[in-house]
Amino acid sequence: MDDVVHQEKILILDFGSQYTQLIARRVREIGVYCEIFPCNAPTSKIREFNPKGIILSGSPFSVHQRTAPKIPKGVLDAGLPILGICYGMQIITKTLGGTVELSKTREYGHAMLKIDDKSDLFRGLADSEQVWMSHGDRIVKIPNGFTSIAHTDNSPVAAMKNGKGVFTLQFHPEVVHTPNGKTILQNFVKDICGCACNWSMRSFLVYEVERIKEIVGKDKVLLGISGGVDSTVAAAIIHKAIGDQLTCLFIDNGLLRKDEAKKVLKTFKEELHIKVKFKDASDVFLKPLSKVTDPEKKRKIIGRQFINVFREEAKKIGKNVNFLAQGTLYPDVIESVSFRGPSAVIKSHHNVGGLPKVMRMKLLEPFRELFKDEVRTLGLEMKISETLIHRQPFPGPGLAIRIIGAVTKERLEILRNADEIVVDEIKKAGLYREIWQSFAVLLPVKSVGVMGDERTYDNAIAVRAVNSKDAMTADWVRLPGDLLAKISNRIINEVNGVNRVVYDISSKPPGTIEWE
Ligand code: XMP
């Protein structure tokens, strides 16, 4: 197979910075394929990857700490262009004989970069550029052979180079607070490393369709769909590659939003022209949930029932289905090998995680190399509608973790009606796409109200709207008062069983996005 998309690649060595994935996304946006390896990756693996250049990330470590990670052997003398960012700069300095000083005050925030050399890394920039600093240590003596190429008021050496392809930056070019950071990264990957920009979702589509054809051959593939972006785009690309050798299975767990099952089936039929095997398994999920109040128990029950139903339905499809397709994304892959190790599991988000083991099938993961925004672009490339591509995330355990306490059909009905109003009003206000998640939560807390002349004693609905980049942290959205008023009025007037609406003004941390 002609693999142009991976021909010229950049390697990012991760020293544990919170921004490492952002560097990778920026490089991909420029059109160059890159991967992230942990900074303790074996030299042989780095060599085998055969990058055209290497970027060293930042780190929560100081180079003065005893356990501070080192640059893998052979990287600095591989003859490849290198860009050290923040900690990457300091560890290069220390390794090559310069001096890094432990600074008493941390330089954090905006700074004005004064550029002293615009011949390569800073080509096309102004004499003075806004940049984002976040460092404790600073360079006081640069290593032999290096020259400073930019400074700020606080950092006499904010960037340097050695004339042999090694460049360093004290600031973060990957974050939005460095408005022209992308130009710097582009100068590095295109001009200095000489990468052609072959990576785009258009070229990935051609490549991946061929790859799927080759891997699957005449076998059959089973894919569980949820109506979410990842499984929908996965269905589309696999179907494009192998047509009806793909079977899509959609299980209604009874915890979906209003008319969701109907809408998903309609989209697959009318928009994507992909056949779906549908199983309404609501009772299988709702019965064991009826008396359960503990959130983790709810998740476990839903996860277990999902696997049971999936297995049963898969059996009915026949024996010759050898592949199980999954929408695994690149961040999940890196998480499992990350230098910092997988982040602490605060909630067990592994509702379908056990599926591959139980199914004993070969895995087909078309998006193992992609970030979520790339999957979205790929979906648009395949002409999947924007409404679908820009759907907000919805958790696997569905409405079960948005009903505090036991999940019953009556409570589900109330929540569905309230949730639909929240989403509808947010869409009408033109805010749906810019909000990460917006939804209703049912609080089975009875409070007193008056409706007309009557006293009511009913449930409360909490409205939640958060902004986030990756769901790890989130901030509550300052929704306009008029919009909140409209949502509240409509819910109280239109949804039986609700007489009070509250707005959740907690951020994550310390709150979480979902209430359970
Ligand atoms: P929290 O509530 O932990 O949520 O701040 C972070 C993101 O994950 C989603 N979420 C889940 N997704 N299974 C899922 O597939 C789960 O059990 C689950 N719990 C939370 C949540 O909607 C948010 O996007």
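## Cysteines

In this predicted model, the sulfur of Cys-86 lies 14 Å from the closest cysteine sulfur, that of Cys-39, which is too far for a bond. A disulfide needs the two sulfur atoms within 2.5 Å, and by this rule the model has zero disulfides. Cys-193 is in no disulfide either; its nearest cysteine sulfur belongs to Cys-195 and is 5.4 Å away.

Cys-86 counts as buried because its relative accessibility is 6%. Cys-193 has 7% relative accessibility and so is also buried.

## The nine-stranded sheet

Nine strands make up an open sheet with mixed pairing, in the order β2-β1-β3-β4-β11-β10-β9-β6-β7. The edges are β2 (33–38) and β7 (128–135); each has a single partner strand, so one side of each has no neighbour in the sheet. On average, neighbouring strands of this sheet are turned by 25 degrees against each other, direction ignored.

Strand β1 (residues 9–14) runs parallel to β2, and six bridges join the two. Within this pair, Ile-10 stands opposite Cys-34 of β2.

## Helices on the sheet

Helix α1 (residues 20–30) lies across β1, β2, β3 (53–56) and β4 (82–85), and runs at about 160 degrees to β2. Helix α3 (residues 87–95) also packs on the sheet, where it touches β3, β4, β7, β10 (159–161) and β11 (166–169). The direction of α3 makes about 110 degrees with that of β4.

Strands β13 (residues 246–252) and β14 (residues 276–280) run parallel and are joined by five bridges. Ile-251 stands opposite Lys-279 in β14. Together with helix α7 (residues 260–271), β13 and β14 make a right-handed β-α-β unit.

Note on methods: Residues are numbered from 1 along each chain as its sequence is written. This is a predicted model: local features need pLDDT of at least 70, side-chain atom pairs count only at pLDDT 80 or more; totals for chains, interfaces and linings use all residues. Side-chain values use heavy atoms; hydrogens and water are left out. Buried means under 20% relative accessible area, exposed over 50%, partly exposed in between (1.4 Å probe, protein chains only). Two strands pair if DSSP finds at least two bridges between them. Helices (H or I, at least four residues) and strands (E, at least two) are DSSP runs, numbered from the N terminus. A crossover is right-handed if, with the strands pointing away from the viewer, the path from the first strand over the helix to the second runs clockwise. Axes are lines fitted to C-alpha atoms, for helices over the stretch in contact, and angles run from 0 to 180 degrees between N-to-C directions. Contact means heavy atoms within 4.5 Å.
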